[in-house]
Amino acid sequence: MQNSYIKFILLLVIVSAMHFSCKREFEKPRWNTQVIAPLVKSRLTIRDIVTDSSQVETESDNSITLVNRQKIFDYSIDSLVALNAPPYKKTVKLSSLVLSDQEITQRISLGTIAKQLIAQGNPLGAQIILAGKLGIPLAFPGANDITAGPINVDISKFFVSANLLTGQMIVSVSNGLPLTIDNLTFSLNNITPPGLITTQTFTNIVPGATQSKTQDLAGKTIGGNINANIDDMDIGSGVIVVDTSDALLLTLKVQNISVTEATAIFPAQDVVNETTDVELTGLENVRLTSTIIRQGTVRADVYSTADDTVRFTYEIPAATNENGIFKFEAVVPPAPPNGTSYAQFNSDFSGYLLDLTGQDGTKYNTFYNTLVGRINYTGRLVTLSLNDSLDITLTLLDAKPSYVKGYLGQDTIEVGPGTVDFDVFKNISASSLQFQSAKLDIVFENALGIPAKAVLNELTAYNTSTGTSVALSGTPINKEYPIAPAIEGVGVSIPVNSTLDLSTGSNVTSLLNILPDKITYKGLFDSNPQVSLPPYDTTYTDFAYAGADMKAYLDMRIPLTLIASNLVLSDTSDFDINTLQTGGYQDGKFNLLVSNGFPLDLKVDMRFLDKNGHQIDSIITTSTILAAPVDNTTGKVIAPKASAVPFTLSAAEANILIQQGAKLVFTARFDTKPANQNITIYDDYAIEFKLVGDIGILVNSGK
């Protein structure tokens with residue numbers, strides 16, 4: 001009720017109370033009064049019935065069209081491809097172990113040679129010692145078959161032992177003696193394990209001269225302590241001033257050493273360097289040339305038997321982002337004696353552009369990775385062997401693309417059976433309804449860069465309230481419809497729409513006349529239908545972006561030009577009759593005043609609901625409210641038609657409404673007249689309801 005009417009009632013009560021305020025209380029007068037006031041007002045248009053404004057369109061002539069779009073199918077990049085790579089498992093032996101070049105110089109003095117001669121019983125040794133002490137010239141007669149040694153050469157600070165794969169030993173003799181060495185046979189021997197390393201012979205080494213010989217060490221074993229021996233030395237004659245500190249300088253240079261095993265101080269070096277192709281799996285006839293990774297992790301599980309810290313680098317050179325190639329480095333700790341060490345590493349792979357054409361650029365679904373294992377110089381002795389290994393498993397976890405390029409395969413997908421809810425008619429029912437025309441399409445919004453085709457096998461409409469159903473029939477069924485691919489922009493996909501017309505040559509209008517609330521469908525979808533056999537497409541121009549999918553919508557358009565029998569439209573309004581709550585309602589006559597702006601005869605019912613939506617009372621009218629008059633030329637309503645529907649409401653009925661009423665549902669039941677003539681609903685058509693009461697109220701001055 002309008003506020004002015006409420007104020008009127010309150011004022012009437014207040015004035016009456018003031019009029020009797022001078023009476024003594026025991027009199028408590030009572031009286032009846034009549035109030036005529038509107039209790040409920042409502043206005044019903046087609047937009048009130050179809051509450052979703054997106055389902056109502058106003059045409060240029062102001063006529064109404066019901067529209068509805070319902071998504072029935074979604075085909076995404078994740079449906080097209082999955083980026084599955086087999087775990088990259090590699091057990092790699094240390095491919096090389098090298099030792100630094102080393103050089104050791106050993107002095108063999110004239111005094112040492114003299115002592116060796118004395119030990120051998122050669123008197124020349126004593127003569128040399130004496131001449132050296134006296135500082136007098138010595139007429140040296142020459143000496144043959146001199147031997148010396150063994151002289152220990154300690155190289156354990158470089159390695160304790162080494163099994164040589166390759167290498168050379170350069171033995172150099174510098175003659176610091178005052179006499180010519182006519183002949184020198186020199187040998188080197190391992191102490192542990194015992195064995196000859198090399199024997200070299202030098203001739204005619206004049207004082208101050210140096211001669212060198214090179215020994216190939218391939219396949220030899222060298223310990224950390226070796227003995228140098230002069231197996232035979234012949235010295236020429238001459239007069240000399242003896243200085244027992246004069247010496248032969250023996251230089252041992254070991255170079256270009258690679259070992260199969262060694263206990264040594266190893267220099268920094270790469271011990272593993274391998275590049276391997278990795279092919280994605282499970283793609284069947286999909287051939288990808290590139291992808292951008294939306295999410296994913298590369299996990300490395302590494303086992304090492306090496307007695308040294310191994311640092312390894314894993315790279316995918318064809319995976320790049322703004323910071324360069326995909327690369328991570330990790331450290332595997334030294335293995336315990338006769339044991340194995342383990343480490344696990346994870347690296348984020350998202351955001352990388354991955355080239356899938358392989359190392360030579362001619363493949364597909366293939367990337368390559370490089371594994372480099374390295375030991376750094378530590379200055380400590382460790383034992384390493386080419387039998388030591390890194391056991392590495394690299395796994396690509398949960399990789400999903402944000403973009404793919406290539407040939408995305410030919411596939412046939414069964415769509416449905418599926419069901420969509422159809423709510424555009426939820427407030428409308430009819431005994432019979434005939435739309436003059438209707439349009440139903442399946443619209444494919446293709447944001448995938450692949451051509452396709454679709455076939456609709458079945459489509460059936462259901463009205464679950466009436467139990468009726470109608471199946472689509474005619475030319476749209478089992479017909480192939482092409483779907484155009486999207487257009488690739490700069491980093492974006494530009495969708496292209498293709499429409500499957502279900503209205504031409506079919507019974508679409510009859511299907512929608514049952515006012516369905518559910519529609520079922522079944523069909524087929526083919527991607528790349530024009531290329532179904534090897535060698536497939538070799539241009540590799542298909543593409544897809546994450547979030548840019550192929551969607552299929554069921555689109556409906558129904559102009560509201562129709563023939564109807566018992567067409568029911570309803571609308572719910574809040575119900576709050578304040579006038580009935582003044583405390584003394586006795587009885588009353590009511591009129592439902594109706595201003596009918598539709599060119600349809602109608603009957604109006606009212607249902608009163610509680611706050612839980614349960615009906616507590618109803619008023620079913622039998623009187624016909626006449627249609628608004630129509631201009632014969634335009635077919636439009638000239639002016640609304642006014643009608644009144646009387647009814648009464650007892651005190652008992654009113655009390656129920658006062659205590660429980662919350663909502664009022666107006667239901668209009670239409671029939672088109674004449675029965676076989678189409679009428680058109682326009683946007684400005686409306687029905688206005690006004691519930692007016694001639695109400696008897698008992699006013700009591702007592703409390």
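**Exercise 1.** Determine whether D360 is buried, partly exposed or exposed, and identify its salt-bridge partner.

*Solution.* Step 1: the classes are defined with a 1.4 Å probe on protein chains only, buried being under 20% relative accessible area, exposed over 50%, and partly exposed in between. Step 2: D360 has 48% relative accessibility and therefore counts as partly exposed. Step 3: D360 pairs with K363, with 3.5 Å between the closest N and O atoms; a salt bridge is a side-chain nitrogen of Lys or Arg within 4 Å of a carboxyl oxygen of Asp or Glu.

The model is predicted: local features need pLDDT of at least 70, side-chain atom pairs count only at pLDDT 80 or more, and totals for chains, interfaces and linings use all residues. Residues are numbered from 1 along each chain as its sequence is written, and side-chain values use heavy atoms, with hydrogens and water left out.

**Exercise 2.** Locate the residues of the salt bridge between K363 and D277.

*Solution.* Step 1: the closest N and O atoms of this pair are 4.0 Å apart. Step 2: K363 lies in the loop between β22 (353-355) and β23 (366-375), whereas D277 belongs to strand β17 (residues 269-279), 86 residues apart. Strands (E, at least two residues) are DSSP runs, numbered from the N terminus. Step 3: K363, at 34%, is partly exposed, and D277, at 32%, is also partly exposed.

**Exercise 3.** State which strands the salt bridge between E688 and R43 links.

*Solution.* Step 1: the N to O distance is 3.3 Å. Step 2: E688 is in strand β46 (residues 686-700) and R43 in strand β1 (residues 30-45), 645 residues apart.

Terms used:
Helix = DSSP H or I, 4+ residues; strand = E, 2+ residues; numbered from the N terminus.
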